[in-house]
Amino acid sequence: MTPTDWKYIPKELRYIYKQASAVYNKKGERMEGRMYGNIFTAAITTREMDAYIARMRKNTALGVSGIRIDHAAALPEEMRAL
């Protein structure tokens, strides 16, 4: 990436981007931004969220928020859609 490209990536996400670009896919090719498609900008569907919740270990937090997976699983459908 050029220095101009880097200025469009928020500072707090630059480390993540660098790590993502250092990964190799199953074919042994080094990953590039175009290979990720829109995974960083695409909306998450309710079906994807439900699948994620189903495979997570219960009584654990989703992230730094501290909200447990059990709380997310118990949300009514209208709230999960938000």
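Me: Where is confidence lowest, and where is it highest?

Reply: pLDDT is the predictor's confidence in each residue, from 0 to 100. Where it is low, the predicted coordinates should not be read in detail. For this chain the mean is 83, and 99% of residues reach 70 or more. Helix α3 (residues 33-36) has the lowest mean, 76, while helix α4 (residues 46-55) has the highest, 89.

Me: How many helices and strands does the chain have?

Reply: Both are DSSP runs numbered from the N terminus: helices are H or I with at least four residues, strands are E with at least two. You get 6 helices and 0 strands, so the radius of gyration is a handy next look: at 17 Å it is well over the 12 Å that the globule rule gives for 82 residues, so the chain is more spread out than a compact globule. That radius is taken over C-alpha atoms, and the rule is 2.2 Å times the number of residues to the power 0.38. Along its principal axes, the C-alpha trace spans about 45 × 30 × 20 Å.

Me: What percentage of the residues count as buried?

Reply: Buried means under 20% relative accessible area, exposed over 50%, partly exposed in between (1.4 Å probe, protein chains only). Here 12% of the 82 residues count as buried.

Me: Why does I53 count as buried, and what does I53 touch?

Reply: I53, in helix α4, counts as buried because its relative accessibility is 6%. Contact means heavy atoms within 4.5 Å. Not counting residues up to four places away in sequence, I53 touches K58, I69, A72 and A73. I53 and A73 are 20 residues apart in sequence, yet 6.4 Å apart in space, C-alpha to C-alpha.

Me: Where is T60, and which residues does T60 touch?

Reply: T60 is in the loop between α4 and α5 (69-74). It counts as buried at 16% relative accessibility. Leaving out residues up to four places away in sequence, T60 touches I67, R68, I69 and D70.

Notes:
Residues numbered from 1 in each chain as written. Predicted model: local features only at pLDDT ≥ 70, side-chain atom pairs only at ≥ 80, totals over all residues. Heavy atoms only, no water.
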